[in-house]
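Take a walk through this model, one piece at a time. Keep the sequence beside the 3D view as you read.

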Amino acid sequence: MKIKKVLNSSVVLAEDEQKKEYIFFGKGIGYGQKAGNIIEEDKVDQTFIPVGNVKVKEFLGLLDSIPHVFIELTQQIVHYAENKLSTKLNSGIYFTLMDHIHFAVERYKKNINITNRVFWEIKNFYADEFQIGTFALKLINERLHINMPEDEAANIAFHIINARGENDETKDSMRLAKMIGSIVNLVKYSLNINLKQDNIHYNRFVTHVKFFAQRFYSDKMLDDKEDALFKQIASLYPQAMDVAFKIKEYIKQVTGKTITNEEIAYLAVHIHRLTSYDELN
């Protein structure tokens, strides 16, 4: 395996003899290296194998847009988690967790506090993963000189749980797929934006919509305790909030059920991220 591009001292893009591309993570793997050099296997912590060239470009774009400190923090957290759990996590955790931490810090700096509504369940039923989240939160706070709340430990633990493949899938996949597709199309046509399915920002949005649909059909929607968050998001992101209300109206018409203000606020946050990315392209 030869290095194709050094992304930073801990991440390199490589290719095999068939020109298939891989992303390698490893402490010091890119230090002093250049294109054409052979990768030293003893320095590889984890290999992420993209599906194809389009995926590679998306992941490279994510790495380019995130400060190096978040890459280092993610590597430390994943390494700690794998040692504590005595198992290898799904390699996608490097990208999902890195993106989550970066976004969480951005929210914190804007004083947007999103409460984790399954905090108690994660803390009590996934003790090992929650302890990893606590370790990660302390590491992030100390490294960045901030003070994110304990809820963030549960958010990180949730990513670790998913990376172990323990998340339960709903049985009614057809009903879920229909709702997800309808919401995505409603956002697309309401904002007149081009949502590319091979885009990582699109995939992030769809992931949130999927979790929302699961909560909706299992009658576990977030309640309306966080009215301050709803008002804050409405003030900060009026366009996204308007689309979120259209989603609420659509769901009411189709199912007869009303989604909560807190769910609307969460949808608006993710819609805003999607539109912010589209404005840059």
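The tour below goes from a hairpin to a set of helices and ends at one aspartate.

This is a predicted model, in which local features need pLDDT of at least 70, side-chain atom pairs count only at pLDDT 80 or more, and totals for chains, interfaces and linings use all residues. Residues are numbered from 1 along each chain as its sequence is written, and side-chain values use heavy atoms, with hydrogens and water left out.

Strand β2 (residues 11-15) pairs with β3 in the antiparallel sense, over five bridges. Strands are DSSP runs of E with at least two residues, helices are runs of H or I with at least four, and both are numbered from the N terminus. Two strands pair if DSSP finds at least two bridges between them. L13 has I23 of β3 as its bridge partner. Five residues lie between the two strands, and K19 in the turn has a positive phi of about 70°.

Now look at β3 (residues 21-25) itself. Five of its five residues are buried, so β3 is largely enclosed by the rest of the structure. Buried means under 20% relative accessible area, with a 1.4 Å probe and protein chains only. E21, I23 and F25 point one way, while Y22 and F24 point the other way.

Next come the helices. The axes of α2 (residues 68-85) and α3 come within 9 Å and cross at roughly 125°. That makes α2 oblique to α3. Axes are lines fitted to C-alpha atoms, for helices over the stretch in contact, and angles run from 0 to 180 degrees between N-to-C directions. Residues in contact here include F70 and I71 of α2 and I93 and Y94 of α3. Contact means heavy atoms within 4.5 Å.

Helix α2 also meets α5 (residues 127-144). Their axes come within 10 Å and cross at roughly 150°. That makes α2 roughly antiparallel to α5. Among the residues making this contact are V69 and L73 of α2 and I132 and F135 of α5.

Turn to α8 (residues 200-217). Its buried residues include I200, R204 and F205. D219 follows α8 and has a positive phi, near 55°.

End at D99, in helix α3 (residues 93-109). Is D99 buried or exposed? D99 counts as buried because its relative accessibility is 8%. Beyond its neighbours within four places in sequence, D99 is in contact with L62, I66, R204 and R273.

Note on methods:
Buried means under 20% relative accessible area, exposed over 50%, partly exposed in between (1.4 Å probe, protein chains only). Angles under 35 degrees count as roughly parallel, over 145 as roughly antiparallel, 65 to 115 as roughly perpendicular and the rest as oblique.
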